[in-house]
Amino acid sequence: MRKNNNVRAPESQKRLKVKIADNPEDIGAMVHIEINEKKVSVPLGTTILEACRKNQIHIPTLCHHDDLCIAGVCRVCVVEVEGMKTLQAACSFPITNPVKIKTTSPRVRRARKNILDLLLSEHYGECYACVRNNNCELQALAKEYGVDHYNFGHIDKPKFQVDNSSYAVVRDMNKCVLCKRCVRTCIDLQEVGVLEAINRGEATYIGTFFDKPLADVICINCGQCINRCPTGALHANDPRDEIWAAIDDPEKHVIIQTAPSPRAAIGEEFGLEPGHSLTGEMNTALRRIGFDAVFDTNFAADLTVMEEGTELLLRLYKALAKGEPDVAIPQFTSCSPGWVKYLEHFYPDFINHLSSAKSPQQMFGALLKTFYPKIKNIDPANIVTVAVMPCAAKKFECNRPEMTDSGYKDIDYGLTTRELAQMIKEAGIYLPELPKSGFDDPFGDATGAGLIFGATGGVMEAALRTVLELVTGDKIENIFENAEIKPVRGFEGIRYAEIPVTKVGKVPGIISHLIPDFEWLKGITLKVAVAHGTANAKKVLEDIKNGGKFSHCHFIEFMACPGGCLGGGGQPIPTNAEIRRKRAEAIYKEERTLNYRKSHENPKLIRLYNEFLTDGPCGSVSHKLLHTTYTKRGSFIV
Amino acid sequence: MEGVKHNRFGPVIFSKYERGSAIERALAMSREDILFELKNSGLKGRGGAGFPTSTKWMLTAAAISDKKYLICNADEGEPGTFKDRVLLIEYPELVFDAMVVGGYTIGATEGIVYLRGEYEYLLDSLNDYLNGMRKDNLLGENILGKKGFNFDIRIFLGEGSYVCGEETALIESLEGHRGEARNRPPYPVNTGFMGKPTCVNNVETLATISHIIVKGSEWYKNFGTSKSKGTKLFSISGDCEKPGVYELEWGMKISDVLKLVGAKDTKAVQIGGASGVCLNSSQFDRTLAYEDVPTGGSIIIFNKKRSMLKVLKNFMEFFVEESCGQCTPCRIGNVKLLEAVKMIEENKLTFGYLKKLKELAETMKIASKCGLGQSSPNPFLSIIENFKEEIFNYAGGGEYAKE
Ligand SMILES: Cc1cc2nc3c(=O)[nH]c(=O)nc-3n(C[C@H](O)[C@H](O)[C@H](O)COP(=O)(O)O)c2cc1C
């Protein structure tokens, strides 16, 4: 009976906290408190948990997550506040007066242990038969508290059927501890809202609308819930067995393409600090595992830039030069399959704004079963294509019925970073110590433009580098220092930039048959925007609906996941703002070292247009293989 | 239009009162004077928690906001409680008048009655009553000619969950969400319904306020004990001849109450509903007062024929079902306590495990998120303690085992 349709998370889950001033010290908004008899000062409104962390005092948590609003439901973080009869949840208690806090009193320790024992009593399964073995917050807590037996028993039969209906997310509610991180992720962080607590008391569980399988509700497959689940209750639909089988089959030619974000994060699965790129090491590992060819998805990203950039220029040409009325502007990017499905469900009337260009993964798939077998003289029926992605939604995307333009299933399996790390471990390889190697021909090493697709703003930056060079005939380095388009970088949820086009050049040969000249662009200010996380996407779309600033944009990049692909639902767990920032740094650092940093300069790409996509970007061959259509799903078509 | 009166007698709440008189009196007073009267009366919340009503009103009055709310908590979900229903049926004027007084005092423009779902049958008559008040300008704009004082009341029907009587869960439910208690602080007086300052009062608290405003706090203080002022409505049920709602002064002995209602062969008295404590006959000389046995007003009487283990099982089943399920201690803790009752039935409970459970019960009391889990171990602890012999004889073929 939800009467309030526009609400985000319920108040109980929202950050009902005192706003912390920017300069608390200057305005006297510091509170002097005592933690375990140590005197410290904190800004008014700081939670006890934040105050303790700042002072190197460890408080165990389970339902708390830095990315999410406060819940205060697991009660593992309780502490003693002098003068209060009951213990207080450190994660939710805002400090507004000079409290005295005890974090390890006997009452606190006993309560935490009891609560932990209760959680364990209802947590079905054994740690060694779990994807999250050794990376589970409940397991870690049990270790921290030295649990060596079950004080309040242990559930010995599963209560729920595992829901593996979805291509992306598997839900095993038998392992759920009802921390509601997934609910808060889905409702509040992403504003999708397919998960909610159902029933009450003992019968409470996290479920979907009318208990439908996840595949039958409007889940966008972003997998952000997986990244924030403290246990193994949520994990991705894992294709490792099928991939091993293909590798072991001598008939099969198994190809793997690797997206930019996994290489910037996979080291975390091997104990490295976030922020180390292992591109070359990963290539070597993939060959040792037995893949027959290792390609860089960034090549296809370069291809996407060419196709999507050309499409943008065509749209602008039709609208601005020819005055055609029905051209949908702004054009929206379409590489993020979670975002695409979000739009199809929640804003179906906007689908004509989506670029018809497929995502890099799917463009590559179509080439790998057409162009590639032709030059290699292999039967495409024997080719198995695997894509290592930071993403859960890619698993859904490759199963979309449209994605068979090669005559086969273009991409057979989407594999997450986590799953690839698992395969590498199974193969007995310690990744960080491997020698480096490059990517295989005929696609070779790609450009930096493709690489930065991994970070929010990267697709926009890559597209702008190419579009601006094509249009102005000038070097992008003359417009933006070092070719770095800073206004579209960063982690601000929504970013907006204006780029005046002061001069135009001759139309380059590759698209001159589509657009006669660029005179109509002269003097125009190109307006672009970037949004990441579907909650931010929603804000932009609502603004467009209301004719606001974003409705005057020409091109907008949307990514379903906070941080872009590097924060994707297939990336190593845990995630938080700091980890995502370090992954982005790794990507931008690596990109500065590359020989080519603009898609249209990629020599292998130029060769592809010369030999295979002979009628150029957005031509008939590319339209057949590299472009797609979308579905107005609304609430009912899943 | 007046509520349908039965022949009820009582010194305060059931004393004579004329509709609108509290509003009239209050509008002639300053807000400070009203708050002073309340403070002087020593009135504490009658919904169970016993928080000083004047403090709550003062905090809401002091909060700065463009909009404030006054909510009447008519969820009356505590097992064995039915006094609020009597007030709503027979004395609606007391409740609604006090809401208007409250609106005036704290600066709220909207009053909301959160009515227990099972009381749906009262909805029409209550709405009729409100319409009557509107006609007579006891609600609406510029009430009784007081310029700029606008206040109206609407009724919201609950969905039948016990926890929605807890004020923050109630507010969540009003907003259309799952009935789950919020983190506090912040408290509703600052951040309540729709994030605005909100004062939640029990039906009986409000009804008492109407009398205090008209007759004065000094008069009210004549009743009760030194620490528990005034009177209290008691919903008395169970094994007695005259169950019903009684208005009694604070400070009465339990044994006197039992006599009053004609209870014979009484073995146990559960005070404060399912979440209250259960006393045995050695404790019947204790008094009903905040300083001894505080209560929200429910008294359930059990005579010698009742099995206390079954009583306990019934209470624990109630909590297992009614826990909202969000916090760990309450959601799983109550299940463990209920399991223990079943273990006693099957003679499987060891004293070692019982000791663990008592510790668990303590944890539930201090670590649960809201009052539900904080009080649900009460019957478990008190029944096991006060009826030890009977309980542990049960499985050994004790006298109630074959029932
Ligand atoms: C589980 C639970 C159920 C409650 N149910 C009720 C109820 O039905 N009616 C009520 O007035 N207060 C109930 N309360 C108490 C309210 O939270 C709150 O204290 C009260 O409405 C405040 O009003 P008062 O100050 O006038 O007592 C309940 C509390 C808890 C923890």
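**About the model.** Residues are numbered from 1 along each chain as its sequence is written, while chains are lettered from A and ligands numbered from 1 in the order in which they are written. Because this is a predicted model, local features need pLDDT of at least 70, side-chain atom pairs count only at pLDDT 80 or more, and totals for chains, interfaces and linings use all residues; side-chain values use heavy atoms, with hydrogens and water left out.

**View 1. Here is chain A as a whole.** You can pick out 21 helices and 17 strands; both are DSSP runs numbered from the N terminus, with helices being H or I of at least four residues and strands being E of at least two. The C-alpha trace spans about 80 × 60 × 50 Å along its principal axes. For 638 residues, a compact globule would have a radius of gyration near 26 Å, and chain A agrees, with 26 Å. (That radius is taken over C-alpha atoms, and the globule rule is 2.2 Å times the number of residues to the power 0.38.) Of the 638 residues, 63% count as buried, where buried means under 20% relative accessible area, exposed means over 50%, and partly exposed lies in between, using a 1.4 Å probe and protein chains only.

**View 2. Now zoom in on A:Asp474, a loop residue.** A:Asp474 sits between helix 16 (458-472) and helix 17 (476-479) of chain A. Is A:Asp474 buried or partly exposed? A:Asp474 counts as partly exposed, because its relative accessibility is 22%. Skipping residues up to four places away in sequence, A:Asp474 touches A:Glu469 and A:Lys503; a contact here means heavy atoms within 4.5 Å. A:Lys503 is 29 residues along the chain from A:Asp474, and their C-alpha atoms are separated by 8.8 Å.

**View 3. Stay with A:Asp474 and look at its side chain, which pairs up with that of A:Asn478.** The two side chains make a polar contact at 3.1 Å. To count as one, a pair of N or O atoms must be within 3.5 Å; within protein, one must be able to donate a hydrogen and the other to accept it, and residues adjacent in sequence count only if both atoms are side-chain atoms.

**View 4. Over to chain B, with its 16 helices and 11 strands.** Its C-alpha atoms fill a box of roughly 75 × 40 × 40 Å along the principal axes. Buried residues make up 62% of the 403 in this chain. Take the contacts in chain B between residues at least 6 apart in sequence: 72% of them join residues at least 24 apart.

View 5. B:Val335 has 8% relative accessibility, so it counts as buried. Which residues does B:Val335 contact, leaving aside neighbours within four places in sequence? They are A:Glu202, over in chain A, and B:Val320. B:Leu115, on the other hand, is 220 residues from B:Val335 in sequence and 29 Å away in space, C-alpha to C-alpha.

**View 6. Last stop: B:Asn386, in helix 15 of chain B.** This helix runs over residues 377-386. B:Asn386 counts as buried because its relative accessibility is 18%. Leaving aside neighbours within four places in sequence, B:Asn386 is in contact with B:Cys278, B:Leu279, B:Asn280 and B:Gln283.
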